[in-house]
Amino acid sequence: MINSTKGLLVDTGFFYAFYDERDAYHNDARKKAEWLDFFPIVLPWPVLYETVNTRFSRRTNVMNQFHLIVSSPSAILLDDSPYRGGAYQAVLRHTRSGSPLSLVDAILRAVIEDANVALEAMLTFNARDFADVCARYSVEVL
């Protein structure tokens, strides 16, 4: 039931919270999961690498559920190679300025800035690292 041609960028933290009942954001993630039905889901490969770690991959039921999202017709697996060099430089700049940023978050910020990737919203529990760039590019933080 996709209602938009613009995509929903999903951060790793959402998936951790959604699949881990002990996560502090679990209940919020369960409520926000409905957004996955309304937009094409944009998943840069670094989000997949970060999400499917050893602990996550050992949970067969979780992997099966996650696979349904990743393999759905509305999922867009986004190649991160165009963003890598700039994202690494952004990490270095942020580190030097005293506001550290992970490489995955730098990739996500670069995706938001990319005029070729049409985004409606971002699903994250780490709004602080994305609020400025989302506001600048009119991407709603859910």
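Let's start with the sheet: five strands make up an open sheet, ordered E3-E2-E1-E4-E5, with parallel pairing. Strands here are DSSP runs (E, at least two residues), helices are runs of H or I with at least four residues, and both are numbered from the N terminus. Two strands count as paired if DSSP finds at least two bridges between them. Strands E3 (75-78) and E5 (140-141) sit at the edges with a single partner strand each, so one side of each has no neighbour in the sheet. E5 runs parallel to E4 (residues 119-123), and two bridges join them; in E5, Glu 140 is the bridge partner of Ala 121.

A quick word on the ground rules: this is a predicted model, where local features need pLDDT of at least 70, side-chain atom pairs count only at pLDDT 80 or more, and totals for chains, interfaces and linings use all residues. Residues are numbered from 1 along each chain as its sequence is written, and side-chain values use heavy atoms, leaving out hydrogens and water.

Now hop over to Arg 109, in helix H7 (residues 103-113). Is Arg 109 buried or exposed? Arg 109 is buried, with a relative accessible area of 11%; buried means under 20%, exposed over 50%, and partly exposed in between (1.4 Å probe, protein chains only). Its side chain makes a polar contact of 2.8 Å with the side chain of Asp 132. That term means a pair of N or O atoms within 3.5 Å; within protein, one must be able to donate a hydrogen and the other to accept it, and residues adjacent in sequence count only if both atoms are side-chain atoms. A polar atom of the Arg 109 side chain also lies 2.7 Å from the backbone oxygen of Asp 129.
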